[in-house]
Amino acid sequence: MAEHGTDEPSSSTGSPDGEGRDSGDRLLLHQRLAVRELIDTEASYLHMLQLCASDIRSRLQQLPQGDLDVLFSNIDDVIEVNSKFLHDLQETASREDEQVHSIGNLFLEFQEELERVYKVYCASYDQALLLVETYRKEPELQREIQGIIEAAVPQAGPSGLSFLLVIPLQRITKYPLLLQKILENTDPDASAYPVLQRAASALQDVNANINEYKRRKEVASKYTKVGQLTLRERLARINTHTLSKKTTRLSQLLKQEAGLVPRTEDKEFDYLEERLHWVSLCVTETKNNVAVYLANLEAFLRFRPQESELDIPGGPVVQYCSLMGDLQLQAFPDFKQRLEDLVWQPLCSLAKALSGPQNLVKKRLDKLLDFERVEEKLLEVGSVTYEEQEARHTYQALNSLLVAELPQLNQLAMRWLGQILHTFVDLQRDLAKQVLQRAEGSLAQLPHHHLSEPAFRELVEDVLGQTGHQLRSFQENFEKVLPPPTVQLLLPGAERQVQALLSRYGPEKLYQVTSNISGAGTLDLTLLRGQIVALLQNKDTKGNSSRWLVDTGGHRGYVPAGKLELYRVIPGQEEVKEQVQPPKDSHHLTPEPSPAPVPSVPTVTQVEQELSILKKWVCMCWEKTDGEKWACPGAIFPGPLGVATAGRACCLPAVQKTELKSRSHGS
């Protein structure tokens with residue numbers, strides 16, 4: 001009995017082999033429990049994600065879609081990656097001897113995918129929490145949300161949304177701990193040990209990269225907000241600290257321009273920045289062109305010729321008016337609405353989306369100047385302050401973020417712009433198809449609908465040729481009765497000034513003021529009617545083509561373009577001048593008017609002078625319209641103040657007509 005009592009413990013604990021075997025069994029048991037914990041918790045975690053994505057999100061329809069996108073972020077991508085990960089994780093159970101080794105390799109295989117999806121979710125987590133806080137300020141809405149969550153996930157408790165939103169963050173941070181627990185229960189001499197070590201280290205790197213990405217996003221979000229600040233708000237932001245920073249940056253920039261300090265070069269970023277600028281320019285130009293197109297379309301829709309009385313009974317005009325009325329009521333307004341919804345609005349959204357990155361690129365330049373200054377101080381002194389170290393880290397975060405994401409941004413922006421342009425082309429094609437379909441019925445009623453296309457083209461060319469011949473004949477007949485350009489009257493004593501402007505700028509640059517101009521602005525001129533000026537530029541500094549820059553011979557300034565007309569310098573003007581007033585020894589560009597100011601109503605002397613010129617130019621085919629007056633159809637003659645007038649009906653008393661007619665026949 002005693003011997004048996006003493007032999008029993010020696011057989012179980014006294015032997016070193018027995019102790020090692022028991023220790024190995026306990027280690028293996030703990031390892032299997034750790035593996036089981038990993039797989040079971042992964043399945044439970046995935047089930048919770050699917051509840052959030054399918055059940056809870058679908059019931060929170062009272063929230064705006066934008067809020068749902070922020071709250072649940074890219075949870076669908078997370079579910080997709082973790083579903084594949086769980087499937088492969090469960091597959092390792094079939095290889096019991098190599099299960100731990102397979103788990104280590106599996107984490108290494110999913111390292112990049114896990115980092116890709118979780119860094120996006122974690123970066124938007126703080127913004128989601130802000131939304132949750134706003135919901136808590138609305139008791140009724142908060143009760144609805146809480147009721148939906150408690151019905152689907154009772155264990156959420158009063159935390160509600162916060163409990164669900166934090167689950168992915170907790171899971172990605174728990175992976176290194178679960179791997180470390182498996183590693184602690186794995187024999188260091190086992191082949192799976194180094195694989196598990198690499199997997200645990202890789203998951204720690206994933207968490208570190210996610211934290212760094214989240215920090216970069218927080219820094220970037222501070223500068224990507226593009227807001228229109230008032231002057232008072234801008235002045236309120238000025239303090240000694242901001243003035244000191246801006247002065248230091250300006251000093252650093254001037255030293256770089258002077259070549260005193262080297263400039264940091266980053267060819268990769270410079271290329272990406274150039275691409276972003278090119279993409280933004282394309283979007284801006286396209287947006288401007290579409291805006292002009294919409295304005296022209298709006299003007300086209302306001303023009304309704306089919307509603308006017310054309311005085312053409314029957315024929316193709318009826319079909320044309322019916323077709324245009326149908327298109328104006330439905331086809332064209334529908335096209336305009338679709339153009340605004342499918343082209344204009346997405347284009348504006350794209351331009352707005354690019355404004356944040358553009359602002360971030362500008363801020364990077366400021367942070368680069370701070371970074372270069374801190375680097376110089378670090379080389380000279382060997383240490384920097386906490387604030388300077390933060391400025392250094394801020395630049396590094398901004399630069400890393402831009403270099404990582406600008407390629408994707410440029411690619412997505414170009415793809416977005418390409419889709420918008422494809423949509424624009426498709427809308428044009430649909431409009432043409434609709435017009436042709438609606439026109440088929442009207443075309444069948446036209447007199448030439450039975451003709452083939454070549455025959456119809458030949459018919460159109462013949463009609464256009466005949467019409468063109470008639471138009472040319474009319475033009476030739478019109479030019480036969482067209483008088484030479486009339487003399488434009490000048491202000492008293494203006495001949496010398498006009499001579500100076502003519503010799504300096506040439507005749508094609510001279511313009512005459514048609515009515516008095518009162519300058520309202522600082523650079524606006526005050527000019528009298530009839531004054532001669534020289535055109536310097538046909539727009540102002542802002543590109544406004546309705547204000548022209550002119551030279552009066554003494555002053556320069558802006559005048560309204562609508563109050564100027566080209567001043568014609570006539571070489572053979574002396575002959576006309578002799579008819580208007582007695583000849584003089586000196587030669588002038590235009591006849592010298594009377595010293596009195598130019599009247600707005602013609603005087604008797606002017607009328608007599610015009611009647612004397614009229615003898616040569618007026619058409620002699622007088623027709624009597626009534627007992628008192630005679631009409632001159634198609635007459636071309638000088639109007640009052642010497643302005644040429646074409647096609648104006650001339651009505652004078654019958655006595656003057658008869659006298660003028662007899663004088664004309666006599667001459």
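A residue counts as buried when its relative accessible area is under 20%, as exposed when it is over 50%, and as partly exposed in between (1.4 Å probe, protein chains only). The structure is a predicted model, in which local features need pLDDT of at least 70 and side-chain atom pairs count only at pLDDT 80 or more, while totals for chains, interfaces and linings use all residues. Residues are numbered from 1 along each chain as its sequence is written, and side-chain values use heavy atoms, with hydrogens and water left out.

Side chains of opposite charge can pair when their charged atoms come close. With a salt bridge taken as a side-chain nitrogen of Lys or Arg within 4 Å of a carboxyl oxygen of Asp or Glu, the whole structure holds 24 of them. One joins E37 to K181, with 3.1 Å from N to O. E37 belongs to helix α2 and K181 to helix α10 (residues 167-184), so this pair ties together parts that are 144 residues apart in sequence. Helices here are DSSP runs (H or I, at least four residues), numbered from the N terminus. K181 is partly exposed, at a relative accessible area of 38%, and E37 is partly exposed as well, at 25%.

Other pairs sit within a single helix. In α2 (residues 16-59), D40 and R36 are four residues apart, about one turn of the helix, and their closest N and O atoms are 3.4 Å apart in a salt bridge. Both partners are partly exposed, D40 at 41% and R36 at 42%. In α16, R429 and D426 are three residues apart, which means that about one helical turn separates them; the closest N and O atoms of this salt bridge are 2.8 Å apart. R429 has a relative accessible area of 47% and D426 one of 37%. Elsewhere, E212, R215 and R216 are linked in a network of salt bridges.

Attention now turns to empty space. Rolling a probe the size of a water molecule over the atoms shows where such space is left. On a 1 Å grid over the protein atoms alone, a cavity is a set of points where a 1.4 Å probe fits but cannot get out, whereas a pocket is an open set with protein on both sides within 12 Å along at least five of seven lines; lining residues have an atom within 4 Å of a point. A volume is the space filled by probe spheres set on the points.

The largest pocket has about 1400 Å³ of space. Its lining has 34 residues, of which A123, Y213, K217, L401 and E405 lie nearest the centre. Helix α11 gives the most to this lining, with nine residues. By type, the lining of the largest pocket divides into 14 nonpolar, nine polar and 11 charged residues; Ala, Val, Leu, Ile, Met, Phe, Trp, Tyr, Cys and Pro count as nonpolar, Asp, Glu, Lys and Arg as charged, and the others, Gly among them, as polar.

One cavity of 30 Å³ or more is found, and the largest cavity has a volume of about 40 Å³. Among the residues that line the largest cavity are V132, R136, Q142 and S159. Helix α8 gives the most to this lining, with four residues. The lining of the largest cavity divides into four nonpolar, five polar and one charged.

Terms used. Helix = DSSP H or I, 4+ residues; strand = E, 2+ residues; numbered from the N terminus.
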